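Take a walk through this protein with me.

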Amino acid sequence: MKVIKNYLYNAGYQILLMLAPVLTTPYVSRVLGANNNGINTYTNGWVTFFYLAGQLGIALYGNREIAYQRKNKYERSKTFWSIISLQIFTSSIALIAYLLAVFLFSSAFKVYFLLQALWIVAYGIDVSWYFMGMEDFKKTVSRNTIVKLITIALIFILVRNQNDLAKYIFLLGFAQLAGSFTLWPYLRKSIQWVKINEWHPLKRFYPALLLFIPTITTQIYLVVNRIMLGRVAPQAAVSQFNFGDNIVKLVLAVVTATGTVMLPHIANKFASGDVKGVRESLYKSFDFVTAVSVPMMFGLMAIAYKFAPWFLGNEYGPTGGVIFWEAPAILMIAWSNVTGTQYLMPIHREHQYTISVTVGAVINVIANLFLISLYGANGAAVATVISEFSVTAVQLFYVKGTIRRRALFAPIWRYLLCGLFMYLVVSRINEIMSMTIVNLILQVALGIIIYIGGLFLLKAPIIKQAKSLLKKE
């Protein structure tokens, strides 16, 4: 039940992240325009590499290491001080390198690049990984929720026209920084002071670096399509792709919230030698993410073309195609989140995880070279799906010796069949209806009813899981 509560906390926050753009995206897309939104996407794409380099793989490494030491306060405290001192040091180097790069190589957008530096500082002092390792998601979620709501309000108050792009970038960066600061007071009761000579941060560098490699590699194919689009297409095309990609990834976040919750849970089981418990958790998690991601994938595809221009504005009509073609990545990422984040990472098989995401990054760059020039933003969306499929395929190959893949995929046809039928019905209704908030709610509700009804008829395993949980309650 603790895992379920943590998932609900995390999923609840992900739903807030989904609802936030419902309020801000239509406003920002119209007030700032496609060109200014493209500038924000482009400059933020570059700063992403620097703050990730500064944080190394500490978000994952710290989460896992704290989970290993959860029951020993002294060892846990020593681990914390060791990791956070390394994080602050490497983030400081990243900040200096970023500022040098901005002053030496940036002529256009220099002010915007400098404002984006707030993200490096924010991630440099972020300690959310500690609370995730402790499986204390309530603190991180409540903190993020308050900060997010305040930021939404400030965007509406301060961002009023196309000249307010700098304010918008500052607000997003400052919100991240404020969120990082607010977690520190909670540490006082959870850790104790450890002498500096016992920290030994450098011994944490190599294992954190091993996790940094897949992290930065993953970001390559998350950011490279935007950068490549920015080089060969107008900034408006970057913005159109970015909004479509964000909508897909925000929906996906509800599914991948399981990975954030399950990583410390499985790491703790692994540290305790509960191999059987690890496998059972993985089978249930795989079935759950499949059951949730399939209707999200088909649902987005069904409404994409009418939803995009209605939600974002008429100049974002091409975003509908981006959403449609990228939606299958939801299922691919959901699966790799289980095999990679929830299994390979907690049991110290980082090298196999690294290989899988490296293959995905290489395939993404190659696919982008061909597809962006031919199909623009839609090509970048298809390249994303191809790369995510390759990541999943490689990870499934690596888990074959310890996880029964047939057991993972046996019930998949039930979810796909229900999802496909839902898609056919909702897409047809979407063609007939005009896009309004009432009609959108009706289409979503109808899709949910059809999908869940199909799961009951086909006796999908997720129904059995849900019933067993209700009995325990």
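Which helix gives the most to the lining of the second largest cavity? Helix α13 does, with three residues. Helices here are DSSP runs of H or I with at least four residues, numbered from the N terminus. A cavity is a set of points on a 1 Å grid over the protein atoms alone, where a 1.4 Å probe fits but cannot get out. Lining residues have an atom within 4 Å of such a point.

This is a predicted model: local features need pLDDT of at least 70, side-chain atom pairs count only at pLDDT 80 or more, and totals for chains, interfaces and linings use all residues. Residues are numbered from 1 along each chain as its sequence is written, and side-chain values use heavy atoms, leaving out hydrogens and water.

Back to the cavity. Both α11 (275-312) and α13 (329-344) supply at least two residues of its lining. A volume is the space filled by probe spheres set on the grid points, which are joined across faces, edges and corners. The structure holds two cavities of 30 Å³ or more.

Stay with helix α11, where threonine 290 is found. Is threonine 290 buried or exposed? It counts as buried because its relative accessibility is 0%. Buried means under 20% relative accessible area, exposed over 50%, and partly exposed in between, with a 1.4 Å probe and protein chains only. Leaving out residues up to four places away in sequence, threonine 290 touches Pro295, Leu331, Trp335, Ile412, Tyr415 and Tyr451. Contact means heavy atoms within 4.5 Å.

Now move to leucine 154, in helix α7 (residues 137-158). Leucine 154 has a relative accessible area of 31%, so it is partly exposed. With residues up to four places away again left out, it touches Val159 and Leu171. Its C-alpha atom is separated by 9.8 Å from that of lysine 167, 13 residues apart along the chain.

Finally, step back. The protein has 19 helices and zero strands. Of its 473 residues, 56% count as buried. Among contacts between residues at least 6 apart in sequence, 83% join residues at least 24 apart.

Definitions and conventions: On a 1 Å grid over the protein atoms alone, a cavity is a set of points where a 1.4 Å probe fits but cannot get out, and a pocket is an open set with protein on both sides within 12 Å along at least five of seven lines; lining residues have an atom within 4 Å of a point.
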